[in-house]
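Reader: I would like a close look at a single part of this structure, and then at what surrounds it. Keep it brisk, please.

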Amino acid sequence: MEVPQFETRCSYVEATLEEFLAWSCGQPSCLSGPFSCYDSSKYWAYADYKYIARIFEDKPEIFQDIRWSDFGFPGRSGKESTLWIGSEGANTPCHLDSYGCNLVLQVEGRKRWHLFPPGDTSFLYPTRIPYEESSVFSKVSVANPDLKHFPKFRNATAHVVTLSPGQVLLVPRHWWHYVESIDPITISINSWIELDADHEARVEEAITRMLVCAIKSAENPSDGDLWLNPTEVEATSHEMNLQYLNQAVSAYIKCQKTSVSEQAHSSSTGAEQRTGASCKRKRREVGCEPDGCRLLTHGFDFSTSKAEELQKIPFGPHLIQVLPQPQEMGSMGAVAVESDGRDLPCENEGEHIGKLRRRRKELVMSNDCEMPAHQMDSDSSPCTSQTALSTNDLLDCLVNPHVINLVARLLLERTGV
């Protein structure tokens, strides 16, 4: 596929886990329920973003089997985690998460992760259509990029790693990622870790929601543009979005005031420690400090962000960074580094299987030129050399992450922050 397979293009079915397993393993169609309508050699299925707390709400003891405390997050368990189940070929479009960072545990099968640093954002052609809060999608099909329409993708640097069962991957804040299942059955568990920077990100997301909903809702609904991701139930009203924006700004201001107060307290404590240290040095000079009275102070710097603290967390002796290395251009058109699982650290409702999509080797439509105009954008139209600007073209500029960040900062300055 030369275009990402967004969820708006998926077919959705409700099925049991047993029916999904029967279908993915090639068992008789009578055992696969609603999956029997889909040829497993042409389609893949993915049940993603299922909260473990909902799936096992009657068995809370299962939450404790997932111990994120091993990675520096005491008390965090499966209750704050989500479950992902997929068949071979299942993938998520390349995107970044607006909030927090991400810890991913591979339970069954292998997944290949293509990660890109935040600095590559402009090379990945970000878009907010389809719209989903906290997800910024890339227009590029990472597995098979159209370099004619997306030439800047050549400048992107991919960090590629294969995650095997029993291994955990840390996805840093605002890193782009494209994930694909490479075994018949894959199961993953993840947990998003909140960061202080999320307060500003929520202001940015509130601005984005207001603009996207206002502009797209003004279009004729009969155009059939599926701009809202299925994860978003419905377009929210302007009044509700404005209320959401004010709440996000208020939360940001409250966080900033708390941070300033803590910094002042930290500075005061630090001054006392420095005074004590100075006195200690003087006492040593005259040899009057008993050995048993020496103090070991481990001050906590509240001015350090959680993201910086996260980098200092001792994940264990087996933690290996996935770093780029000079290599020739691969078929992706981006510098790629492959790390197999052996080099990594060894550290809706539950029984429903969700979306089904065609495998990458098949086109969504037999003739791209027959694609409705509302599904094309000015970057990827294969039929015309010049296309009239669309609402989506305007939105791609208005809600570009860099633009939204600037607007958020200007808005926060207006509130006196």
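Author: Start with helix 6, residues 391–398, where Asn392, Asp393, Leu395 and Asp396 are buried. They sit on the same side of helix 6, because they cover an arc of only 165 degrees around its axis. This is a predicted model, so treat every value here as computed from it. The general rule for such helices is simple. An α-helix has 3.6 residues a turn, so residues three or four places apart point the same way.

What covers that buried side? Strand 7 (126–127) and helix 3 (198–217) are among the elements that cover the buried residues of helix 6. Leu395 also belongs to a nonpolar core of 19 residues. Ile129, Trp227 and Ala248 are among the other members of that core.

The side chain of Lys216 meets that of Asp225 in a salt bridge, with N and O 2.5 Å apart. Both Lys216 and Asp225 are buried.

Arg76 pairs with Glu194, and their closest N and O atoms are 3.3 Å apart. The two come from distant parts of the chain, 118 residues apart. Arg76 lies in the loop between helix 2 (52–55) and strand 3. Glu194 lies in the loop between strand 12 and helix 3. Arg76 counts as buried because its relative accessibility is 14%, and buried means under 20%. Glu194 has a relative accessible area of 46%, so it is partly exposed.

Now strand 12 itself, residues 185–193. It is mostly covered, with 7 of its 9 residues buried. It has two pairings to look at. Strand 3 (residues 82–87) runs antiparallel to strand 12, over 6 bridges. Within that pairing, Thr82 stands opposite Asn190. Strand 5 (residues 101–108) also pairs with strand 12 in the antiparallel sense, here over 7 bridges. There, Cys101 has Ile193 as its bridge partner. Cys101 counts as buried, because its relative accessibility is 2%.

Strand 5 has a further partner. Strand 10 (residues 168–171) pairs with strand 5 in the antiparallel sense over 4 bridges. In strand 10, Val168 is the bridge partner of Leu105.

The largest nonpolar core has 23 residues. Phe20, Trp23, Phe35, Trp68 and Leu103 have the most contacts inside it. Strand 3, strand 5 and strand 12 each supply at least two residues of this core, as do helix 1 (17–24) and strand 2 (43–51). The 19-residue core that includes Leu395 lies apart from this one.

Helix 1 deserves a stop of its own. Phe20, Ala22, Trp23 and Ser24 are buried in helix 1. Phe20 and Trp23 are the ones already named for their contacts in the core. Just after helix 1, Gly26 takes a positive phi of about 75 degrees.

Glu180 and Arg112 meet through their side chains, N to O, at 3.8 Å. Glu180 lies in strand 11 (residues 176–181) and Arg112 in strand 6 (residues 111–116), so the pair ties together parts 68 residues apart in sequence. Glu180 counts as buried because its relative accessibility is 8%. Arg112 is partly exposed, because its relative accessible area is 24%.

How many disulfides does the structure hold? The count is 0. Cys10 has a relative accessible area of 13%, so it is buried. Cys101 is buried as well.

How values were computed: Residues are numbered from 1 along each chain as its sequence is written. This is a predicted model: local features need pLDDT of at least 70, side-chain atom pairs count only at pLDDT 80 or more; totals for chains, interfaces and linings use all residues. Side-chain values use heavy atoms; hydrogens and water are left out. Buried means under 20% relative accessible area, exposed over 50%, partly exposed in between (1.4 Å probe, protein chains only). Two strands pair if DSSP finds at least two bridges between them. The arc is that of the directions from the helix axis to the C-beta atoms. Contact means heavy atoms within 4.5 Å. A salt bridge is a side-chain nitrogen of Lys or Arg within 4 Å of a carboxyl oxygen of Asp or Glu. A nonpolar core is a set of buried Ala, Val, Leu, Ile, Met, Phe, Trp, Tyr and Cys residues joined through side-chain atoms within 4.5 Å. A disulfide is a pair of cysteine sulfur atoms within 2.5 Å.
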